[in-house]
Amino acid sequence: MLVLSRQRDESIIIGDNIIITIVDIRGDKVRLGIEAPTEIPVHRQEVYEAIQRENAKAQEDGRPPRRPAPKEKPVSKGTAGN
């Protein structure tokens with residue numbers, strides 16, 4: 001695992017087309033902004049794991065796997081909730 005230190009408004013670039021920016025730091029919470037092509041799914045780990053569990057159950061039941069919902073539209077700084 002690569003561990004990097006970043007401050008607010010600093011970014012990390014992955015490959016040529018993924019940018020992760022530190023948007024805000026409040027206490028022990030860090031808010032990240034993620035820019036990625038729409039064909040690359042981006043999920044919080046717990047959401048990803050829930051999708052994987054649901055897809056495994058669907059496969060057992062003979063149903064097609066659930067496709068993740070499309071990424072939400074970007075939100076301007078200061079207008080997003082916690």
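Me: Before we start, what counts as a contact here?
Reply: Contact means heavy atoms within 4.5 Å. This is a predicted model, by the way.

Me: Thanks! What share of the contacts between residues at least 6 apart in sequence join residues at least 24 apart?
Reply: That share is 16% in this chain.

Me: And which pattern does the chain follow along the sequence?
Reply: Reading along, you get β-β-β-α, with one helix and three strands in the chain.

Me: How much of the chain is buried?
Reply: Of its 82 residues, 12% count as buried. The accessible surface comes to about 7400 Å², and 52% of that belongs to carbon and sulfur atoms.

Me: Which residues form the nonpolar patch on the surface?
Reply: I25, V30, L32, I34 and V42 do, with about 400 Å² of accessible area together. Strand β3 (residues 29–35) gives the largest share, three residues.

Me: Is I34 buried, partly exposed or exposed?
Reply: I34 counts as partly exposed because its relative accessibility is 43%.

Me: Switching to charges: how many salt bridges are there?
Reply: The count comes to six. One of them joins D24 and R8, whose closest N and O atoms are 3.9 Å apart. That pair links distant parts of the chain, with D24 in strand β2 and R8 in the segment before β1, 16 residues apart.

Me: Nice. Is D24 buried or exposed?
Reply: Buried, because its relative accessibility is 15%, under the 20% cut-off. D24 also sits in a salt-bridge network with R8 and R26.

Me: What about E46 and R44?
Reply: Their side chains meet in a salt bridge at 2.7 Å, N to O. R44 is exposed at 55% relative accessible area, while E46 is partly exposed at 46%.

Key. Residues are numbered from 1 along each chain as its sequence is written. This is a predicted model: local features need pLDDT of at least 70, side-chain atom pairs count only at pLDDT 80 or more; totals for chains, interfaces and linings use all residues. Side-chain values use heavy atoms; hydrogens and water are left out. Patches are made of residues with over 30% relative accessible area and no salt bridge: like charges are joined within 9 Å, nonpolar side chains (Val, Leu, Ile, Met, Phe, Trp, Tyr) within 5 Å. Accessible areas come from the Shrake-Rupley method with a 1.4 Å probe; for residues, only the protein chains shown count as cover. A salt bridge is a side-chain nitrogen of Lys or Arg within 4 Å of a carboxyl oxygen of Asp or Glu. Helices (H or I, at least four residues) and strands (E, at least two) are DSSP runs, numbered from the N terminus. Buried means under 20% relative accessible area, exposed over 50%, partly exposed in between (1.4 Å probe, protein chains only).
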